[in-house]
Amino acid sequence: MEHQSPIFFPDNRHYGETTLRQAQLVMLRMLKVVDYLCRKHDIPYWICSGTLLGAVRHKGFIPWDDDLDVAMLREDYERFLLIAKNELPNDMFLQTKENEPAYDGLVIPCKIRDTKSLIIASYLERKNYHKGIFIDIFPFDRYHRNGLNRLKEVVLKKYNNFICKCYNAEIGKDHSLFKRAISWFQPCFKVLLASYQNATKPIVNKNKLLPNSVCFVGHGFDTPWMRSFNMEDIFPLQELIFENYPIFAPHNTDSYLKHLYGEEYMTPPPENQRIQNHSTEIKPIL
């Protein structure tokens with residue numbers, strides 16, 4: 001399939017038969033634009049998490065899913081940020097703390113937002129930053145496989161996981177006295193997050209030089225997720241069909257998905273668990 005300029009990716013959200021499907025069409029268009037920019041500039045990327053599960057199990061979105069996840073190695077992610085800032089269509093916005101100082105979603109360092117829609121979670125109503133429907137762009141870092149360096153990296157990631165949870169304690173604070181108490185200290189945890197991210201930048205830069213054969217790759221030091229993967233399970237990337245469109249995915253999707261979701265990942269959850277997890281309100285059409 002020929003991959004066209006973003007101006008040829010029509011905004012067809014109006015054709016969605018439900019609000020959720022309209023939102024998925026918004027996200028799909030953003031994914032196509034990301035795919036176009038990455039192919040144009042030779043930037044490797046792959047879909048991950050529930051998006052990859054949807055591609056393998058449903059050939060597209062998980063029917064009840066309301067988000068979309070893309071991953072890149074750190075050096076590719078940094079190139080992408082520079083390019084996307086200048087080449088995204090006018091109705092899309094690159095959201096990082098550098099581009100939008102009010103953005104405080106520090107556990108997810110980059111989103112691409114649609115500017116003609118709205119998505120809100122219960123804890124974001126009062127936030128003063130772009131709230132359009134989004135896709136997440138995750139940096140992946142290289143990690144040592146063993147030894148003292150690996151132990152140090154695991155400790156750092158566990159520390160970051162802890163302070164991220166504390167920083168996000170406002171999520172669900174209306175249903176938890178403990179979270180409500182922790183949320184009072186959010187400014188302190190924001191400072192700790194910034195200090196941690198500055199302290200780990202030299203490690204990130206050093207680890208870029210690790211040979212593929214002696215490293216894992218996993219969610220970046222600036223994210224809370226602990227999971228990591230064998231490099232050979234991701235590269236070389238392959239193409240999968242997602243919503244009738246070819247996109248990039250890890251080389252060994254079976255190993256990748258088993259690591260995330262277990263042996264039975266092809267079996268959908270019970271119907272009472274097939275719910276949207278990321279929003280309380282979605283308005284694909286304002």
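This is a predicted model: local features need pLDDT of at least 70, side-chain atom pairs count only at pLDDT 80 or more; totals for chains, interfaces and linings use all residues.

Ser-183 belongs to helix H5, which covers residues 177-183. A polar atom of the Ser-183 side chain lies 2.6 Å from the backbone oxygen of Arg-180. When neighbours within four places in sequence are left aside, the contacts of Ser-183 are Ala-169, Glu-170 and Lys-173.

Helix H5 also holds Lys-179. Lys-179 has a relative accessibility of 35% and therefore counts as partly exposed. Not counting residues up to four places away in sequence, Lys-179 touches Ala-169, Ile-171, Gly-172 and Lys-173. Between Lys-179 and Ala-249 there are 70 residues of separation in sequence, and their C-alpha atoms are 37 Å apart in space.

A further residue, Thr-96, is found in the loop that connects strand E3 (92-95) with strand E4. Is Thr-96 buried or exposed? Thr-96 is buried, its relative accessible area being 3%. The side chain of Thr-96 reaches the backbone nitrogen of Asn-99 at a distance of 3.1 Å. Apart from neighbours within four places in sequence, Thr-96 is in contact with Leu-81, Tyr-103, Pro-109 and Cys-110. Thr-96 and Arg-29 stand 67 residues apart in sequence, with 20 Å between their C-alpha atoms.

Attention now turns to whole elements. Helix H2 is largely enclosed by the rest of the structure, because nine of its 10 residues are buried. These buried residues are Ser-49, Gly-50, Thr-51, Leu-52, Leu-53, Gly-54, Ala-55, Val-56 and Arg-57. Their cover includes strand E1 (46-47), strand E2 (69-73), strands E9 and E10, and helix H8 (253-261). Just after H2, Lys-59 adopts a positive phi of about 60°.

Strand E9 (residues 238-242) is joined to E10 by five bridges, and the two run antiparallel. Within this pairing, Ile-241 stands opposite Pro-246 in E10. The two strands form a hairpin with two residues between them, and Glu-243 in the turn has a positive phi of about 55°. Strand E10 (residues 245-249) is largely enclosed by the rest of the structure, because four of its five residues are buried.

The spaces among the protein atoms are summarised below.

| Space | Volume | Lining by class |
|---|---|---|
| Largest pocket | about 1200 Å³ | 22 nonpolar, 13 polar, 15 charged |
| Second largest pocket | about 550 Å³ | 10 nonpolar, seven polar, seven charged |
| Largest cavity | about 40 Å³ | two nonpolar, one polar, five charged |

The largest pocket has a lining of 50 residues, and those nearest its centre are Asp-67, Ile-108, Trp-225, Asn-277 and His-278. Two or more lining residues come from each of helix H2 (49-58), strand E4 (111-114), strand E6 (134-144) and helix H4 (147-167). Helix H2 gives the most to this lining, with four residues.

The second largest pocket is lined by 24 residues, with Arg-74, Tyr-77, Glu-98, Lys-201 and Asp-222 lying nearest its centre. The elements that supply two or more residues to this lining are helix H3 (74-87) and helix H6 (186-207).

How many cavities of 30 Å³ or more does a search of the whole structure find? The search finds one. The residues lining the largest cavity are Arg-74, Glu-75, Phe-140, Asp-141, Arg-142, Val-204, Asn-207 and Lys-208. Elements H3, E6 and H6 each give two or more residues to the lining of this cavity. Strand E6 provides the largest share, three residues.

Strand E6 gives two or more residues to the lining of the largest pocket and the largest share to that of the largest cavity. Helix H2, largely enclosed because nine of its 10 residues are buried, gives the most to the lining of the largest pocket.

Notes: Residues are numbered from 1 along each chain as its sequence is written. Side-chain values use heavy atoms; hydrogens and water are left out. On a 1 Å grid over the protein atoms alone, a cavity is a set of points where a 1.4 Å probe fits but cannot get out, and a pocket is an open set with protein on both sides within 12 Å along at least five of seven lines; lining residues have an atom within 4 Å of a point. Grid points are joined across faces, edges and corners, and a volume is the space filled by probe spheres set on the points. Ala, Val, Leu, Ile, Met, Phe, Trp, Tyr, Cys and Pro count as nonpolar, Asp, Glu, Lys and Arg as charged, and the others, Gly among them, as polar. A polar contact is a pair of N or O atoms within 3.5 Å; within protein, one must be able to donate a hydrogen and the other to accept it, and residues adjacent in sequence count only if both atoms are side-chain atoms. Contact means heavy atoms within 4.5 Å. Buried means under 20% relative accessible area, exposed over 50%, partly exposed in between (1.4 Å probe, protein chains only). Two strands pair if DSSP finds at least two bridges between them.
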